[in-house]
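Subject: Structure for you to look at

Hello,

Here is the structure I said I would pass on. My notes follow below it.

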Amino acid sequence: MARTIINVPAKARRGDIIEIKSLIQHEMETGFRVDNVGQVLPRDIITDFICRYNGEEIFHAELFPAIAANPFFVFSTTATESGTITFEWSGDNGFSATASRDITVE
Amino acid sequence: MTDSCRAYSPIALRHLPHDAAGYASPRAPTRRRFISDAAALAGVGLVSTDVACLLSIKPAVATPESMRRAIGQVVGEAPVHKGKVKLDIPPLVESGNSVSITVTVENPMTATDYVKAIHVFNEQNPLPNVVSARLGPRTGRARLATRIRLADSQTVTAIAELADGSFWSDSAQVIVTLPACTERL
C-alpha cells in the first residue's frame with residue numbers, strides 16, 4: 001500500500017469551509033522517458049483521485065502524466081455533518097489505494 | 001530561488017540555449033550535425049541498435065495547436081471568457097519536475113451557481129492536458145492547488161467551467177530552467 005499523508009481538521013463548526021490536503025507516494029512515470037538503452041519506460045501513473053464526504057463525491061480529479069511525482073492536491077469542502085471523508089486513488093497496472101479520516105462537526 | 005538566479009533576466013535565459021549552440025564555429029557539434037552524422041553511419045551499417053533507437057524516438061510535444069484542440073474537446077463551441085479565474089504559478093522555476101500551481105475561481109459555490117470543473121492545459125509537454133478536476137456545490141470554495149511537471153518554458157492555461165455552462169480562463173507564462181517529462185535516465 002502506498003504511503004499517504006492527509007490533512008483534514010478533526011473538528012469543525014457546521015457550515016465552515018475546511019481545507020483538505022492529500023498526498024500519495026507514487027512515481028507517476030510519464031511514459032515519455034527512455035532508459036539508457038533507448039527503451040521507452042512504460043507509463044505508470046495514477047489516473048483518478050476521488051474524495052467523498054459520507055459517501056457523496058465532493059472532489060474528483062483526472063490526472064495526466066504532467067502531474068508531478070507523489071500527487072498532491074489541496075481543495076476544500078463545507079463541513080456539513082460529522083462523519084468520514086474517504087480518499088480513493090486508482091491508476092495504471094491496477095493501482096488502487098484508499099484512506100479515510102473522521103471529522104466531528106459541532 | 002537563489003540570488004544568482006535573479007541576476008539573469010528571463011529574456012537572457014530563454015535565449016541561452018540557442019546562443020550557446022555555437023553557430024559561429026563550423027566544427028561545433030550541433031544537433032543537425034549529430035543527426036546527419038548518425039544517419040550517415042546508419043547508411044553504411046555501422047550503427048548499433050542504440051543509435052537506431054535514438055533516431056526513431058521523437059518525443060511527442062504538445063504544440064499550442066494541440067493545446068487548442070485539447071481545450072476544444074472540453075469547451076466545444078462555447079466561447080472562453082477571460083477573467084474570474086486566477087492561475088498562480090511561479091514565473092521562473094528551477095526544476096520542471098515539481099511546480100506548484102493554484103487555480104482560484106472567483107465564483108460562489110451555491111446549489112445553483114457553482115464551478116463544475118477546473119481544467120489545466122499546457123503547450124510544451126508531450127500531452128496538452130495536465131489535470132481535470134470536477135467540483136460541485138459541496139466543494140465549498142472553487143480553489144485547487146497541486147504540483148505539476150513542465151517540459152519547457154511555456155504558457156499554462158487554466159479553464160473553469162461554471163454550472164451555467166460558461167467557460168472562464170487565465171494563462172500564465174513560466175520559464176523553466178530544468179525541464180521534466182522526457183529526460184533521459
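Helix H5 (residues 64–75) of chain B has 12 residues, which at 1.5 Å a residue should span 16 Å, and its end C-alpha atoms are 16 Å apart, so the two agree. The expected span here is 1.5 Å times one less than the number of residues. Helices (H or I, at least four residues) and strands (E, at least two) are DSSP runs, numbered from the N terminus.

The model is predicted: local features need pLDDT of at least 70, side-chain atom pairs count only at pLDDT 80 or more, and totals for chains, interfaces and linings use all residues. Residues are numbered from 1 along each chain as its sequence is written, and chains are lettered from A and ligands numbered from 1 in the order in which they are written.

Chain A has 0 helices and 8 strands. Its C-alpha atoms fill a box of roughly 60 × 20 × 20 Å along the principal axes. Of its 106 residues, 30% are buried (20 or more other C-beta atoms within 10 Å of the residue's own, C-beta atoms being placed from the backbone).

On the contact between the chains: 35 residues come from chain B and 29 residues from chain A, where two residues are in contact if their C-beta atoms, placed from the backbone, lie within 7 Å. On the chain B side, helix H4 (49–56), strand S6 (129–134) and strand S7 (143–148) each give two or more residues.

Strand S6 (residues 72–78) of chain A pairs with S7(B) in the antiparallel sense over 2 bridges; pairing requires at least two bridges found by DSSP. There, A:Val74 stands opposite B:Ala145.

Regards

Terms used:
A residue is buried if 20 or more other C-beta atoms lie within 10 Å of its own, exposed if 12 or fewer, and partly exposed in between; C-beta atoms are placed from the backbone.
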